[in-house]
Amino acid sequence: MQSCIHLFLPKVKVIYPQHSKLTDKEKTNICYLSFPDSNSGCLGDTQFCFRFRQSSGRRVSLHCLLDQFDKDLPVYLKDPAYFYGYVYFRQVRDKTLKRGYFQKSLVLISKLPYIHFFHTVLKQIAPEYFEKSEPYLEAACNDVDRWPAPVPGKTLHLPIMGVVMKVRIPTCHDKPGTTQIVQLTQQADTNISVILPTVHEVDIFRCFCPVFLHSQMLWELVLLGEPLVVMAPSPSESSETVLALVNCISPLKYFSDFRPYFTIHDSEFKEYTTRTQAPPSVILGVTNPFFAKTLQHWPHIIRIGDLKPTGEIPKQVKVKKLKNLKTLDSKPGVYTSYKPYLNRDEEIIKQLQKERYVASLMPLQKSISPWKSPPQLRQFLPEEFMKTLEKTGPQLTSRIKGDWIGLYRHFLKSPNFDGWFKTRRKEMIQKLEALHLEALCEEDLLLWIQKHTEVETVDLVLKLKNKLLQADREHLPVKPDTMEKLRTHIDAIILALPEDLQGILLKTGMT
């Protein structure tokens, strides 16, 4: 499991591994995002997370490194165009220094959005690093270099500076809301120091505590891809709240941009704060008071105070009108004029996880012929879908009352639906291809070649080989024995051909 651990001060001081390449733009972003704003007043140790775009030149090459594992990851854990920065920041008084404070950040950069895991890693190594300096960091990186690849579904034992962490990488086959970590056993796991129940999830309940009564409204705003800014007293509260918002619509992926910690120095600052056009579909987490004025035209703003420890319920904030938000010192609250489509109920997320209409776009299996191309999916028609809601919509069975039709109509126009539907459409197309392969395997192909010319038989072999390549390249969801059956069929067909044609196929690498 390879990730880069970087230490950044006002400029790059130490990078491990040393062969890591960062563009100047990436270095600048990381330097500014690795430290809290001066007004945050973060004394002691603080952990937070940020996210920024990868430079376009490196995107493909980096994605290829883990592409073989991505196919089995949940879609909401695939984020190839962005880097995640995990920060452990320390600020303590030190009269021997010119500034009067010791200030340093240890930052771990990864393309993996494993929030809980990497925060745990930094918690293990950062305090010792601040005391023992670079040799300790180099030793920690040597441990990381020996970690196995993050294969989805695998339970891994990961040593780091005398501590062994036990984690399980999620898969797209996991049931939402369940924990798949293998339990600790006395005999096999005597060396395990830390067991992580999740690698990526944040404590949503803790983050939503100040706005708990409005969590369903926030869920609607995230679901619909509405512009949303979180104003917080520190990067820790900012990043945790933004990540909780993004996570709250899981297993749907949030397809718009989100920045757990966003500063005025960010390379996208002008793009996201301009008033010449409507605010973009993005969630920003900020701490600088400057944003209270810069983003006051945004339609939805959450102002939060210090987050309380888990289990401690703070005073609930109120929904307030946007005109009442003047500075970052304004009272905590949800500043919006948004009217929720649905009445308040914690069951809403479960109600929207199933989409029966989209499943109906799939052709019937009996329409799949091995001798014809796979049938096409039916086109998704929003108005046709809306008509199905009248007879089958959740408003007929749900305890939740409200404008379900309006919520669905708005959701269909959001980037989250667009991203979800493209993913679902790709899955259905791959399923059709897999079913077509399986139909071919059930045919008596030797009988077929007896009724066709040698040219047609060679053409069939070439097409079957291309099918095999496609299945392997696109990771089609075929049955385990389908690929082997197809190879057996191909070999049998080739052996049934005259020797000169067998030789041609052998020379062209088709066997």
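Select helix α16 (residues 454–473) together with helix α17 (residues 482–495): their axes, lines fitted to C-alpha atoms over the stretch in contact, come within 10 Å and cross at roughly 160 degrees. Because angles over 145 degrees count as roughly antiparallel, α16 is roughly antiparallel to α17. The helices are DSSP runs (H or I, at least four residues), numbered from the N terminus. This is a predicted model, in which local features need pLDDT of at least 70, side-chain atom pairs count only at pLDDT 80 or more, and totals for chains, interfaces and linings use all residues. Residues are numbered from 1 along each chain, and side-chain values use heavy atoms, without hydrogens and water.

Contact means heavy atoms within 4.5 Å; T457, L460, V461, L464, K465, L468, A471 and D472 in α16 meet M483, L486, R487, I490, I493 and I494 in α17. By class, this contact has 10 nonpolar, 1 polar and 3 charged residues, where Ala, Val, Leu, Ile and Met are among the nonpolar types, and Asp, Glu, Lys and Arg count as charged.

Now move to R51, which lies in strand β3 (residues 44–53); a strand is a DSSP run of E, at least two residues. Is R51 buried or exposed? R51 counts as buried because its relative accessibility is 3%, and buried means under 20%.

How values were computed: Axes fitted to C-alpha atoms, helices over the stretch in contact; angles between N-to-C directions. Parallel < 35°, antiparallel > 145°, perpendicular 65-115°, else oblique. Buried < 20%, exposed > 50% of the residue type's maximum accessible area, 1.4 Å probe, protein only.
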